[in-house]
Amino acid sequence: MTTTSATTPPTPAPALTPPTPSAAPAAPHPAPWPELVRAALLGTGRRTPPVAVRPGQSPAAALLDAAAVSTLRRRAALRPAPAGERPAPAPADPRPALPPAARRRLALLLADRGPGAEGRRGTDPDLTELLPQWLAAAGTHGYRAPEALLPALLDVARARTDLRPAALALAGPRGLWLARLNDDWKFALRGTAGPLALPDGTAPEAVRRRWEEGLFAERVALLTAVRRRDPQAGLELLATTWATERAEDRMLFLDCLGETLTATDEPFLEQALSDRSRTVRGTAAALLSALPGSALGARMAARSLACVRLSRPVPGGPGALAVDPPRVCDAGMQRDGVTGRPPSGRGERSWWLGQLVAATPLDRWPGHLGGRTPAEIVALPVAGDRRTELHDAWCRAAVRQRDAAWARALLGAPGDPDQAAAELAPAGSSRDLTKLLTVLPGDERARWVAEFIAVHGLADAFRMLGVCAVPWSEPLGRAVVDALDIARDAGSYPWSFSGVMGLAERCLDPAAADRLEMLTAVTDEPEGASPGAGGYWSEAFQRLVGTLRLRAAMHAELAGEPS
Amino acid sequence: MTAPERQEPHKANRPAQPPEPARPPKANEPPPPPERRQSAAARRRAERRLERIAAGATELEQRLEDLLHTGLSAALRTDGDGSGPGGAGSAGAWDETAARMVDAQAPGLAARARELGSVAGSGPDWPSRLLEGCALLHLLDQGFLDVERLPAALAATVRSRVGLTTEAADVLSGPDTVTVRDRWLVLAQRDGAEGPLTARRIYLRGERTGRMALHLSYGGPHRPLDVSLPPGVLLDAELAYYPGARPLRAALGARHAPAAPGPVPSGCGIDAALAAYGHALREDPWLDSWPVVLTDVTPLPGGPDGGWQLADADGESALPLDRRRLGRAALWQLVSLSGGAPVTVFGECGHRGFLPLTVWDPAPVPLSP
C-alpha cells in the first residue's frame, strides 16, 4: 500500500479554516447557506455578514471561510433524490445479436452519415450508399440491432425516410420503446400506426371512428390496411362516407383499392363510372379495365375488336391488320372512361382507338385474330400508319393487366439486329419500355436489359437498370462492365456515366470485382479522347472495385463468416 | 439538501495539472525532497517559482475579499469601472488574474480564477455557484500560503491542486515510492481535448485492494498517447499513486502479465456512491466527484425536476445524471442499453450529479463522449 494516505491524519478539510474561537460573538452555529449567499450578494461592506470574524480578519475573509465550510458540509452530506416514475421495461427481442464484425461495420456506417459534400471523385467508397444495402441484408438474416447503436440508427431513420422501414425493422421492439421516450423519434411511432397496424387490433368501432375522424393521410393508411386484411370490409368502410367525400379524395381512395382489387369490387366501381367527377370516372374505368372478366372490359373489347380486323390481301397469303378507328365517342364510351378530346397534335379517332385497345382484355385478341399467339399478332403488318398507335395501346394494356406473354411479344428481342432502336421506340410513340419490362419475370427482365445494353449501349439503359433485381445477374453485370469499358475506350469522361456508375456500385454482384480489377489500370488515352479521361476512369473503376469488395465483406460479416 | 446540485461546468476530478508548454523540465517540479541532490541554480529557480505563486495566491485573496466586500452582484458588471473594486468580479478582470497566475506557473489557480469569471449570470443559482467557487479558491489560497503547516499528504494535494506537477518517473522511482500490485480492472478510458493536446483518462480498480486509480496521459502532435486500455481489460501490474491526501491519480509501473478480459465489476447503490464522494471530500475538499461503480441502477426519465436519473433497484433513491457533461448520444445509449432494466454503470459521482462513462451489457460499452 502507498503510505500517503496512511500517514495522513484524518484531518477534515475544513481544518484549513480554523474553528471559530469561542470568544467570537457570533452565533456558534454556522448560518444556513442561503443566508451566506445573500450576504455575499449584498457585500460585507454594506452589512456585517452572519459569520464569526476572527481578530485581524476582514469580514469578507470570514464570510469566505464560512462559505467554504458550508460548501463542503453540503457536498459531503448529499442525499439521494426521490426516484421518478419507472418506465415500463422494453419488451424482449429474441432475435440473435449481430456478429461482432457486422456490429463494428454498422457502427462505421452509422458514423459516416455526413452528406458526401466533396462529390463523387476519388477512390473511396461512398458509405452512405452502402447503409441501405447493409440494412436490407441484415433484415434477411433476422438480427436485432445492438442496443448501443439504436440512438444512431433512429437518428439515421429520422433523416432518411427511404431507410425508415429497414432501420425500424432492425431496431425492433426496443427501438420503438426508445422512440416513445424521445420526441426526436416520434416518427417511428407514426410508422407503426400506418399500413402495418390497425387500431386496437380489429375492433370495428375503433376502425370506424378513425375512418371518420382521421386526417386524410391516416385515412388512406387505414383503408389500405383494412383492404389488405379484408378487401370487402375495406370497400364497405369506404362506402359509408363515399357520398360526402370531396372529388379529389374520392379519386385517391379509389386508387387505394387498386392494390387489392377483387371481383366483388366491380359493382361499386361500375357505380363510380357515373360519378360527378371526371377524374373519379377515369380512375374507376382504369381499375375496371385491369379487373379480369369485368363487364367494362367486355364492353371495351366489343368496341375495339370491331375496329381491328384481319385482312388477307391475297387469299391464303400472309395476313395483315386493318384498323378502322371509331367515328364517334358516344356517351357509352365516355361513361366507360374514354376521354373525348385528344391532346393537341393527335387525331381524335386514333386517340379514341388507343383508349379502347388499352382497356380491352388482351386475352380477347388471339380468338379474334385466327388463334394467333401474341408474338404472331405483334408481328402482323398493320395497314396504313396505325402500327405505332396500335402497339402503344397494347403496351399500355400489357402493363395495366400485368400480361407477361404480351409484354414479351411487344418487347421482342433487343439483340436482334433486325429490330433497331427505332423499332423499340419509334417516333411519335408513347410506349414506356421500362414499365413494360416490369411485367416480365426478374431473370428474363435482366437478360433482356443485358442484351439491350450489348446492342444499344448505356445511354438509354439507366431506368431499365433501375428495375432489375439486385444484385445484378451475371450476364447483366457483364454487359454493364463491358459497356463502361467501351465508353472508356471511346474517350469520354466517366461522369457522363455517373448515374450508371452509382447504380453499379450498389447493384453489381461483388463477384464482379475481380474482373473489374483489370480495368483499374490507367490506359493509354485513345486518339481524340477527352484530356485526362484515362486517369478519371481508373479512379472511377477503383472506387467501384473498392465498393464491391466492401459489399462482399459486409455480406460475409453478416453471415458470420470469419473475415 | 435532498439532491446533488448541478453546478460549475468545469470538469470533475481534474487534478489541476493541465499540460504545460515545454520549459526547462525541472522548472515544473515541486520543491525537491531534501535528500535529492540538485544544482543550486535549479533550487533557486524552484524557490523563485514558489515565491511567485505565493504572491499570486495573495493577490487572489485580495481580489476575493474585494469581491465579497463589494458584493457578488458586482460580478455582473462587465467592464467600465475596472479600476474600482466592483471590477474585481467581472469576467475580464478574472481572465487578467488568470493570465498572471499562468505567469506565476500556477495553472491550477489560473483555471479556478478563469472559471469564476464565467459563473456570474450563468443561469439560475449563479450566486450560489459563484460563492462556492470563491470559497474553494479561498481555501486553496489559504492552504498554499500555509502549506508548511499542513500534514504532508494534504500539502501534496494542495501543491498538485495549485498546479505544481510531479513527473510520472518521479512517482514511480522516488525515494518514497510505494507501488501497489494488483489485478486492475479497466473501468473506462476516455479522451478529451485540452487545448491543443488530447488528455486520456483511464480509470482502474484493484481486484484485491478495491482501490480506484486514474491514469492520466497527454498526447499531442509530436507526442502520441502511449497507453491504451479498453474497458473490461484486467491488468496485473504495479501502480504508484501520486502523493496526496486522497490518492487517485497513479502512474503505471511494471506489468506482470498480458492484459486479459475481466469480469463485470461489482458495485454499490446510490447511497453508498454518495457516501464515497462524501468520504473522499473529507480528505480532498476540491474534489468535484469520485469514481464509482453502480450496480443494478435503472435510468429513469423525468425526476422531480424533469431531468434524467439513475435509480436504485428498490426504486426509491435516485441520482440525477449530470446533463451539463453528459451528451445526448451518451444519454440515449445508456437508456437504450438498459431498456428499462437495471444495469451496471461506472462513472463519476459528485455534487453535480452522476456522469456515466461505461455500461456493462454484459460486455463493457463505452458511452460516446
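**Reading a two-chain model**

Author: Let's start with where the chains touch. About 5,600 Å² is buried between chain B and chain A, with carbon and sulfur atoms giving 64% of that area. Keep in mind that this is a predicted model.

Reader: How many residues does the contact take from chain B and from chain A?

Author: Chain B puts in 80 residues and chain A puts in 59 residues.

Reader: And how many salt bridges are there across the interface of chain B and chain A?

Author: The rule finds six. One of them pairs the side chains of E132(B) and R74(A), at 2.2 Å from N to O.

Reader: OK, now helices. How are two packed helices described?

Author: By the angle between their axes, plus the distance between the axes. The crossing of α15(A) past α17(A) is left-handed.

Reader: Which residues in α15(A) and α17(A) meet?

Author: From α15(A) you have M300(A), R303(A), S304(A) and C307(A), and they meet L353(A), Q355(A), L356(A) and V357(A) of α17(A). Sorted by class, that contact has five nonpolar residues, two polar ones and one charged.

Reader: Which residues does a cis peptide bond join?

Author: In chain A, look at V470(A) and P471(A), where omega is about -5°. You'll find P471(A) in the loop between α25 (462-466) and α26 (474-489) of chain A. In chain B, D361(B) and P362(B) are joined by a cis peptide bond too, with omega about 5°. P362(B) sits in the loop between β11 (353-360) and β12 (364-366) of chain B.

How values were computed
Residues numbered from 1 in each chain as written. Chains lettered and ligands numbered in written order. Predicted model: local features only at pLDDT ≥ 70, side-chain atom pairs only at ≥ 80, totals over all residues. Heavy atoms only, no water. Left-handed = near helix turned anticlockwise from the far one by under 90°. Helix = DSSP H or I, 4+ residues; strand = E, 2+ residues; numbered from the N terminus. Contact = heavy atoms within 4.5 Å. Nonpolar A, V, L, I, M, F, W, Y, C, P; charged D, E, K, R; others polar. Buried area = accessible area lost by both parts, 1.4 Å probe. Salt bridge = Lys/Arg side-chain N within 4 Å of Asp/Glu carboxyl O.
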